Structure formats: structure tokens, C-alpha cells
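Here is a short briefing for a first look at this model. Keep the sequence and the 3D view side by side as you read.

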Amino acid sequence: MLDEQTCAKLARQLDEARRARREIEPLRKSFGEFDLEDAYRIQRAGIGLRVARGEVVAGYKMGLTSKAKREQMDLKEPIYGVLTDAMRIPDGEAFPVRRAIHPRIEPEIARVIARELREPIELSEAPAAIASVCAAMDVLDSRYTGFKYFSLPDVVADNASSSHFVLSDDARVPRGLDLARLRMRVVIDGVAKHEAESSAISGNPLLSLVQLVGLLHAHGQALPAGSLVLTGAATPAEPLAPGQVVKLEVTGLAPVTLRCT
């Protein structure tokens with residue numbers, strides 16, 4: 001286990017790279033081996049730096065929600081990253097891609113949590129824990145060189161490759177929606193790039209919420225009421241470039257748009 005001083009040092013390296021928009025070598029290459037639990041401790045230290053500068057934790061994003069991808073990586077559970085209010089881009093507004101190193105975008109479904117979830121929950125309990133749902137897009141970035149050749153602990157330490165997110169302005173109570181059967185379509189510059197059902201997210205995107213609560217509980221944390229949860233990507237990520245307009249259309253939900261400058 002890494003000591004707190006080392007975790008803080010590695011968190012500062014990632015934080016400085018993010019703020020300077022500068023690539024660095026993966027931590028396990030430049031520093032040495034550390035495990036997934038150490039990676040979450042580095043992640044928490046990094047979020048602590050952001051909070052100390054005035055950012056507010058808004059929620060969480062899930063990663064590696066694909067069972068096939070986890071099996072390929074010999075991983076039993078997905079991973080998570082932390083979202084802050086400073087990461088949010090208003091629906092339809094411009095995102096200067098220069099604010100990231102090599103940004104990519106993924107389609108998501110976002111949920112706002114109705115009540116604090118302190119203990120693990122069953123899948124059958126998940127619907128009642130959701131206050132509202134909306135279409136969302138996760139803007140990924142990595143502080144590592146080329147966005148490749150890094151380990152899973154590197155990804156977690158780098159806050160699950162978080163950069164920004166955009167939510168539809170029209171969040172809805174999920175009553176009557178089959179959240180596992182929503183058709184999702186990513187349209188870039190008027191051309192459909194990807195289509196998938198929301199069941200591509202963990203087989204059922206409600207399962208992502210169940211898994212997140214379990215992971216947080218294992219780390220001694222609760223999921224507060226009002227938290228935003230991005231439940232994971234339904235399709236592969238697409239690179240972003242200046243001039244693009246990216247739109248996500250989801251059955252039964254209002255669309256969400258991001259303009260790149």
C-alpha cells in the first residue's frame with residue numbers, strides 16, 4: 001500500500017498535467033507498481049485538490065460497464081470516477097477542445113439520485129432510488145501520452161479519464177420508461193455514427209447504479225441524495241475536433257448537443 005504522502009504526490013502530478021494540458025507517462029511506468037485500491041486513493045487525493053480550489057463534487061461516472069470488456073481485462077467489477085460542477089458543459093453550448101489533451105465523447109444516460117444510498121442495494125430497488133433521468137454525453141480525456149498503453153490502476157488514478165460532461169436540459173421522471181430498452185443514436189455533423197440500445201450499458205443501466213453503490217460502500221462512502229450518476233457508455237468513444245456538432249438522441253428523452261470549437 002502506498003503511503004498518503006506518495007498518493008498526494010502522484011495526484012499532484014496528474015492534476016498539474018490536466019491543468020497544463022500536458023501529457024505525462026503513465027504513473028506505473030514513471031513511478032512503479034501500485035494496485036487498484038492505491039489508485040482510488042490517488043483519485044480521491046486529486047479530487048481533494050479540486051475541491052480545495054472551490055469545485056463541488058456533483059456525482060460519479062461509471063467506466064468499463066461492458067461485461068465482455070471486463071472479462072477481457074480479468075476484472076470483476078466496473079470502475080468509477082468523480083464528477084465536479086466545474087466539469088459540466090451546458091446543453092448546446094460550445095466546448096473548446098483545446099481545454100483537453102485528446103478529448104473523446106461517449107453517449108450516456110444520466111440519473112439524479114432521489115435519496116442517500118449508504119448500503120448496497122438490489123437491482124429491484126434501483127428504480128425507486130432515481131429522481132430523474134436525462135440524455136448525457138461524457139467527454140473523456142487522459143493525461144497519459146497518446147491516450148494508450150496504460151494500466152487499469154493508471155486509469156482509476158487519472159479519475160477514470162474524466163474531463164467534462166453535458167446533460168440535456170430536459171430531465172424527466174423515469175416513470176413509464178424501460179431504461180434497459182432505450183434506443184441511443186450518436187449524430188456528428190448530421191451523420192449517424194453509432195446506434196445502440198441502453199442495454200449495452202451493463203446489460204441494464206440500472207445495474208451500473210447498483211454496482212456504484214457497492215463500490216462506494218466498499219470504500220467507506222455513501223452516494224448522497226441529489227448526486228448525478230453517468231451510468232456508462234453505450235457505444236465506442238469518438239474523437240472530438242473543432243467545428244464538430246455532436247448530438248445524442250435517446251428514445252423517450254430529450255436530445256443533448258455539444259458544439260466543439
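This is a predicted model: local features need pLDDT of at least 70, side-chain atom pairs count only at pLDDT 80 or more; totals for chains, interfaces and linings use all residues.

Residues are numbered from 1 along each chain as its sequence is written, and side-chain values use heavy atoms, with hydrogens and water left out.

**Terms for the spaces**

- The search runs on a 1 Å grid over the protein atoms alone. A cavity is a set of points where a 1.4 Å probe fits but cannot get out. A pocket is an open set with protein on both sides within 12 Å along at least five of seven lines. Lining residues have an atom within 4 Å of a point.
- Grid points are joined across faces, edges and corners, and a volume is the space filled by probe spheres set on the points.

**The second largest pocket**

- Its lining has 14 residues. Arg 18, Arg 21, Arg 50, Arg 99 and His 164 lie nearest the centre.
- Two or more lining residues come from each of α1 and β7 (162–167). Helices (H or I, at least four residues) and strands (E, at least two) are DSSP runs, numbered from the N terminus.
- β7 gives the largest share, three residues.
- By class, the lining has seven charged, four nonpolar and three polar residues. Here Ala, Val, Leu, Ile, Met, Phe, Trp, Tyr, Cys and Pro count as nonpolar, Asp, Glu, Lys and Arg as charged, and the others, Gly among them, as polar.

**The cavity**

- The count is one cavity of 30 Å³ or more.
- The largest cavity has a volume of about 170 Å³.
- It is lined by 14 residues. Those nearest its centre are Leu 14, Arg 18, Gly 46, Ala 157 and Asn 159.
- α1 (4–20) and α3 (36–52) each give two or more residues to this lining. The largest share, five residues, comes from α3.
- The lining divides into five charged, five nonpolar and four polar residues.

- Thr 84 sits in strand β2 (residues 79–84). Thr 84 is buried (under 20% relative accessible area), at 0%.
- Beyond its neighbours within four places in sequence, Thr 84 contacts Arg 50, Glu 55, Val 56, Val 57, Ala 58 and Phe 165. Contact means heavy atoms within 4.5 Å.
- Ala 128 lies in the loop between β5 (104–113) and β6 (130–140). Ala 128 is exposed (over 50%), with a relative accessible area of 61%.

Technical notes: Buried means under 20% relative accessible area, exposed over 50%, partly exposed in between (1.4 Å probe, protein chains only).
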